[in-house]
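Take a look at the protein below.

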Amino acid sequence: IFRLIGFRQTKGLLEFTAALNAYIASALGVFATTPALFLRRKRLAGLVAFYSRIALKIFNIELKVTGNIPDGTFLIVANHMSYIDVICLSSILRSAFVTSVEIKETPVLGQLTEIGVCLYV
């Protein structure tokens, strides 16, 4: 569905950290103002997509999407090779990713996956 066509290293760590902090603040705002679980997950998925596009720009990653992006709800099964794959996919589609319960219990990563609309198995 997508192909990574450009990547070059930048001074992006500081910018990425700033964007991550902005996402966390935005996500906490969604948690505070949206009690309904379904609506909260939908809003958080939109935030993840928005900030994923920002991350791609920060790291100078250019994607080329081929084919049509389907409408509706569906399941994508993929074996990703890095965390960049997750950012690329979520920048194109509002997504919820599946991860292990062990990640949920990991300090920092657990909190990020919780506000990142992850499902645990």
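How much space lies in the largest pocket? About 1600 Å³. This is a predicted model: local features need pLDDT of at least 70, side-chain atom pairs count only at pLDDT 80 or more, and totals for chains, interfaces and linings use all residues. Residues are numbered from 1 along each chain as its sequence is written, and side-chain values use heavy atoms, with hydrogens and water left out.

A pocket is found on a 1 Å grid over the protein atoms alone: it is an open set of points where a 1.4 Å probe fits, with protein on both sides within 12 Å along at least five of seven lines. Lining residues have an atom within 4 Å of a point. The volume is the space filled by probe spheres set on the points.

The largest pocket has 43 lining residues. V86, S90, F97, G116 and C118 lie nearest its centre. Helix α3 (83–92) gives the largest share of the lining, seven residues. By class, the lining has 30 nonpolar, 10 polar and three charged residues.

The second largest pocket has a volume of about 230 Å³. Its lining includes F38, R41, K42 and R94. Here the classes are four nonpolar, one polar and three charged.

Now turn to the core. In soluble globular proteins, nonpolar side chains tend to be buried together. A nonpolar core is a set of buried Ala, Val, Leu, Ile, Met, Phe, Trp, Tyr and Cys residues joined through side-chain atoms within 4.5 Å. Buried means under 20% relative accessible area, exposed over 50%, and partly exposed in between (1.4 Å probe, protein chains only). The largest core here has 10 residues, among them Y23, A27, L44, Y51 and I115. Both α1 (12–33) and α2 (37–58) supply at least two of its residues. The largest share, five residues, comes from α2.

Last come the rings. Rings of Phe, Tyr and Trp (its six-membered ring) pair if their centres lie within 6.5 Å; planes under 30 degrees apart count as stacked, over 60 as edge-to-face and the rest as tilted. The whole structure has three aromatic pairs. F16 and F59 form a tilted pair, 5.3 Å centre to centre with 45° between the planes. F16 lies in helix α1 and F59 in the loop between α2 and β2 (62–65), so this pair ties together parts 43 residues apart in sequence. Y23 and Y51 are edge-to-face, at 5.6 Å and 70°. Y23 is buried, at 7% relative accessible area. Y51 is buried too, at 16%. Ring pairs link Y23, F50 and Y51 into a cluster.

Technical notes
Helix = DSSP H or I, 4+ residues; strand = E, 2+ residues; numbered from the N terminus. Nonpolar A, V, L, I, M, F, W, Y, C, P; charged D, E, K, R; others polar.
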